[in-house]
Amino acid sequence: MRTYIAKRLLLIIPTLLGAATLVFLIMRVIPGDVALLILGGDQGQIDQKQLDAMRRQLGLDQPLLVQFGTWLWGVVRFDFGKSLWTGQPVTEELLIRLPLSLQLAFMATMVSVMISIPLGMLAAVRQDSWVDYLIRVISIGGLAIPGFWVGILCILFLVIFFGWGPPLEFTPLWVNPWANFQIMVWPVLTVGYRYAAVTTRMTRSTVLEVLREDYIRTAWAKGLQGRAVVIRHALKNSMLPVITLIGTEFAFLIGGLVVTETVFTLNGVGRFVVDAVAHRDYPVVQALIFLIAFSFVIVNLLVDLTYAWFDPRIRYR
Amino acid sequence: MATNVELSHAAATPRLAPRLSFAEAIIKFARTKPIGAAGALIIVLMMVVAALAEVLAPFDPYRADYGLQFARPSFEHWFGTDEFGRDIMSRIIYGARIALFVGFTASFMGCTIGGLLGVISAYWGGKVDLFLERLMDILLAFPQLILALAIASILGPAVQNVVIAISIPIIPRAARVVRASALSVKENVYVEAVNALGASRPRVVLQHIVPNVMAPYIILLTAQLGAAILAEAALSYLGLGAAEPTPSWGLMLSGSALSYAEKAPWIALFPGIAISLGVFGFNLFGDSLRDALDPKLRKS
């Protein structure tokens, strides 16, 4: 196990380095002149002095390699410079918004697990019956409905029937749990249901695969009852892929956060990304895109390690 | 001796299933996979609507009429009008074109480039494989929507930029799946045989490997279609997709749509139904196709 962990840890270093390079390249080389874009781009009447000042502020007057070195050195120290919009350090701005997004992500995951595991199992056990069709149609339907539109529908409903207004201020859970719940319940359901649609489908197909395994056939052949086969043999063995899945669907979750926080005007990390893009706040965009990739890689690493912990076949390969 | 080999070979070959005509294949698919057929029906309907938009749309989707702002859904304007007095139904009908265009081009580009890279990676192996795999790992480190968002924000809001932004994140996903199946195809005896006969590398790849990885490629393509339409809607909603006044479904929901929630809820209602229905059709079809083509999921 120790060798496996060491191997996996070593493998993420080139990936993260590559991700940092890619973000750097996307932001500096492809777009042409970032400074020009920030100052208003295509209007054509930009003061040369202003342009030079902006270039200096962004470090764009330096040679590319020096810029790259500065960026990497910043990445290593988690120092991503200052936001062009607020003038605050990016890391500080991020830390303000992180608790909200983490809470939303955690609660949405809980909601989705509670919905998706029982439904996915049921669909697999009754493959090609009306129960399976119904669950599949509901989960495919859930995947088809854009997350932001579910948010919009929620708000339409709340506005029309309850005269709801967007929350003016976010109340953290530890300050006033009830006020926090009132703000978070709709976004959590919006993100969670979509996430559940993904996991239900995946649970169905993993359980289906497990049901085809030899040991399940043996269990049936031994004359075990249906319930014992499904719960003791199939469910236990398909939980592992489902755990993995909850981790790998992290990407879905982030996409969900971006649009849902925008719809509900919640000041979280997702909306921070959208706002930074809208304000052409490139240092922030660059930092956030990298940090999201970073956390995505770490989550995947943790998932792989859990997997190897439970399934010795993987770590000995 | 030679005849013996031939005979034993003939005896070992299982009888092939009778080849179905195209129409028969469709009927068989519809009977065994009713959900998939329903999906196909929605897709065909959407294509017809997009193709005949000029005929079907009752109004010009771009024409603003300030005397008709926020008209309720009625016999004249089935889905009502928006804040500029534009007919929402006409805009949704024209919007089908953008959704289909972005969906098809983005998933086709992404899956094809990714698929080719996957085949190259598997067939060449060695350093080429190592390099491409690392590159794909790096691209996979970014969640799909986030990478699309970053690319779209750099390229600026326009339909063709959205296509690029959506197709790039598909590439590593396609490469990974196709590489895995190309690796197992490569081990087949017939590939060894054509190699031994001295076939050139491009010939082996194009004539013997590519046709045999078409199943996962097609599954991926259909799966990504719905996802690409959703991504287009999300990017347009966030203001990074098509620019006003293009009738894009996501764009119709963005910005002011929610601020008229009380006055004109239909503005925020109907485009969402259109997106959901379209993506639903593609997902239903893709899901059944996967079930039909993937032997692992077939009912034994």
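Hello everyone, and thanks for coming. A word on conventions before we start. Residues are numbered from 1 along each chain as its sequence is written, while chains are lettered from A and ligands numbered from 1 in the order in which they are written. Because the model is predicted, local features need pLDDT of at least 70 and side-chain atom pairs count only at pLDDT 80 or more, whereas totals for chains, interfaces and linings use all residues.

Let's start with chain A. What elements does chain A have? There are 14 helices and zero strands, where helices (H or I, at least four residues) and strands (E, at least two) are DSSP runs numbered from the N terminus. So if you walk along chain A from the N terminus, you read α-α-α-α-α-α-α-α-α-α-α-α-α-α.

How much of chain A is buried? Of its 317 residues, 37% count as buried. A residue is buried if 20 or more other C-beta atoms lie within 10 Å of its own, exposed if 12 or fewer, and partly exposed in between, with C-beta atoms placed from the backbone. Next, contacts: two residues are in contact if their C-beta atoms, placed from the backbone, lie within 7 Å. Among contacts in chain A between residues at least 6 apart in sequence, 71% join residues at least 24 apart.

Now please find the two ends of chain A's helix list, α1 (2-28) and α13 (282-310). α1(A) and α13(A) pack at an angle of about 160 degrees, and their axes are 10 Å apart. Here axes are lines fitted to C-alpha atoms, for helices over the stretch in contact, and angles run from 0 to 180 degrees between N-to-C directions.

Which residues meet here? On the α1(A) side they include A:Y4, A:I5, A:R8 and A:I12, and on the α13(A) side they include A:Y282, A:Q286, A:I289 and A:F290. By class, this contact has 17 nonpolar, two polar and two charged residues. For the classes, Ala, Val, Leu, Ile, Met, Phe, Trp, Tyr, Cys and Pro count as nonpolar, Asp, Glu, Lys and Arg as charged, and the others, Gly among them, as polar.

A:F170 is in the loop between α7 (147-162) and α8 (177-211). With 18 C-beta neighbours inside 10 Å, A:F170 counts as partly exposed. Leaving aside residues up to four places away in sequence, A:F170 touches A:L100, A:I183, A:L266 and A:N267. A:F170 and A:N267 are 97 residues apart in sequence, yet 7.8 Å apart in space, C-alpha to C-alpha.

The other two stops concern backbone angles. Most residues other than glycine have a negative phi. A:F78, though not a glycine, has a positive phi of about 55 degrees. You will find A:F78 in the loop between α4 (64-76) and α5 (90-125). Is A:F78 buried or exposed? A:F78 is exposed, because 12 other C-beta atoms lie within 10 Å. A:T265 also has a positive phi, near 45 degrees, and sits in the loop between α11 (250-263) and α12 (269-278). With 12 other C-beta atoms within 10 Å, A:T265 is exposed.

Where do the chains meet? In the contact between them, 46 residues of chain A touch 41 residues of chain B. On the chain A side, α1, α6 (130-144), α7, α8, α11, α12 and α13 each supply at least two residues. That side of chain A divides into 35 nonpolar, seven polar and four charged residues.

Finally, chain B. Here we count 13 helices and zero strands. The C-alpha trace of chain B spans about 90 × 45 × 30 Å along its principal axes. Of the 300 residues in chain B, 46% are buried. Among its contacts with a separation of 6 or more, 70% come from residues 24 or more positions apart.

One helix pair to look at in chain B is α3 (residues 34-51) with α5 (residues 88-124), which pack at an angle of about 115 degrees with their axes 8 Å apart. α3(B) and α5(B) are therefore roughly perpendicular to each other, and the crossing is left-handed. B:M46, B:M47, B:V49 and B:A50 in α3(B) meet B:I93, B:A96, B:R97 and B:L100 in α5(B). That contact has seven nonpolar, no polar and one charged residues.

Terms used. Parallel < 35°, antiparallel > 145°, perpendicular 65-115°, else oblique. Left-handed = near helix turned anticlockwise from the far one by under 90°.
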